[in-house]
Amino acid sequence: MARSVSERIRIRLESYDTEILDQSASSIVEAAKRTGCRVYGPIPLPTKIERYTVLRSPHVDKKSRDQFEIRIHKRLVELEEANAKTQTALVKLELPAGVEIKIKA
């Protein structure tokens, strides 16, 4: 049985805020379930932590430093048996700002 390209859709979500990320993932899952496709997820992926160390003073106090970090949280939603209805439902969704979405069909 040959599988067409549009049957499987992988949606990867990234955000700095976990609440917004989980809300947008749940809205994608609800929209996909309404169209009748099989949904796997949201699957939490490893959080990427970027750390930055900055000198507090450039002259005398060389050992005095500040450390900052940015956490990028990720989720994966996989849709199987997706059809044209599913794609239009996903396009019509209004998701909050601050969530980066990558769709791989």
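Mentor: What follows is a set of questions and answers on a predicted model.

Trainee: Which strand holds Glu78, and is Glu78 buried or exposed?

Mentor: Glu78 belongs to strand S3, residues 65–80. A residue is called buried when its relative accessible area is under 20%. Glu78 has 9% relative accessibility, so Glu78 is buried.

Trainee: Which side chains make polar contacts with Glu78, and at what distances?

Mentor: Leaving out neighbours within four places in sequence, Glu78 contacts Arg8, Ile9, Arg10, Arg38, Val39 and Tyr40. The Glu78 side chain has a polar contact with that of Arg8 at 3.1 Å. Its polar contact with the side chain of Arg10 is at 2.9 Å.

Trainee: Which residue is the bridge partner of Tyr40 in S3?

Mentor: Strand S2, residues 38–55, runs antiparallel to S3, and 14 bridges join them. Tyr40 is also among the residues in contact with Glu78. In S3, the partner of Tyr40 is Glu78.

Trainee: Which element supplies the largest share of the largest nonpolar core?

Mentor: This core has 15 residues, and the members touching the most others are Ile11, Leu13, Ile28, Val39, Val77 and Leu79. At least two core residues come from each of strand S1 (9–15), helix H1 (18–34) and S3. The largest share is five residues, and the element supplying it is H1.

Trainee: What does Val77 touch, not counting residues up to four places away in sequence?

Mentor: Val77 is one of the core members that touch the most others. With residues up to four places away left out, the list for Val77 is Ile9, Arg10, Ile11, Ile28, Val29, Val39, Tyr40 and Pro42.

Trainee: How far apart in sequence are the parts tied together by Arg8 and Glu80?

Mentor: The side chains of Arg8 and Glu80 form a salt bridge, with N to O at 2.7 Å. Arg8 lies in the segment before S1 and Glu80 lies in strand S3, so the pair ties together parts separated in sequence by 72 residues.

Trainee: Are Arg8 and Glu80 buried or partly exposed?

Mentor: The cut-off for buried is under 20% relative accessible area, and partly exposed lies between that and 50%. At 12% relative accessibility, Glu80 is therefore buried. Arg8 has a relative accessible area of 32%, so Arg8 is partly exposed.

Trainee: Which residues are linked with Arg8 in a network of salt bridges?

Mentor: The structure has 13 salt bridges. Side chains of opposite charge can pair when their charged atoms come close. The network that includes Arg8 also links Arg10, Arg38, Glu78, Glu80 and Glu81.

Trainee: What is the N to O distance between Glu14 and Arg12, and what is the relative accessible area of each?

Mentor: Glu14 and Arg12 form a salt bridge, and their closest N and O atoms are 3.4 Å apart. Glu14 is buried, at 14% relative accessible area. Arg12 is partly exposed, and its relative accessible area is 30%.

How values were computed:
Residues are numbered from 1 along each chain as its sequence is written. This is a predicted model: local features need pLDDT of at least 70, side-chain atom pairs count only at pLDDT 80 or more; totals for chains, interfaces and linings use all residues. Side-chain values use heavy atoms; hydrogens and water are left out. Helices (H or I, at least four residues) and strands (E, at least two) are DSSP runs, numbered from the N terminus. Buried means under 20% relative accessible area, exposed over 50%, partly exposed in between (1.4 Å probe, protein chains only). A polar contact is a pair of N or O atoms within 3.5 Å; within protein, one must be able to donate a hydrogen and the other to accept it, and residues adjacent in sequence count only if both atoms are side-chain atoms. Contact means heavy atoms within 4.5 Å. A nonpolar core is a set of buried Ala, Val, Leu, Ile, Met, Phe, Trp, Tyr and Cys residues joined through side-chain atoms within 4.5 Å. Two strands pair if DSSP finds at least two bridges between them. A salt bridge is a side-chain nitrogen of Lys or Arg within 4 Å of a carboxyl oxygen of Asp or Glu.
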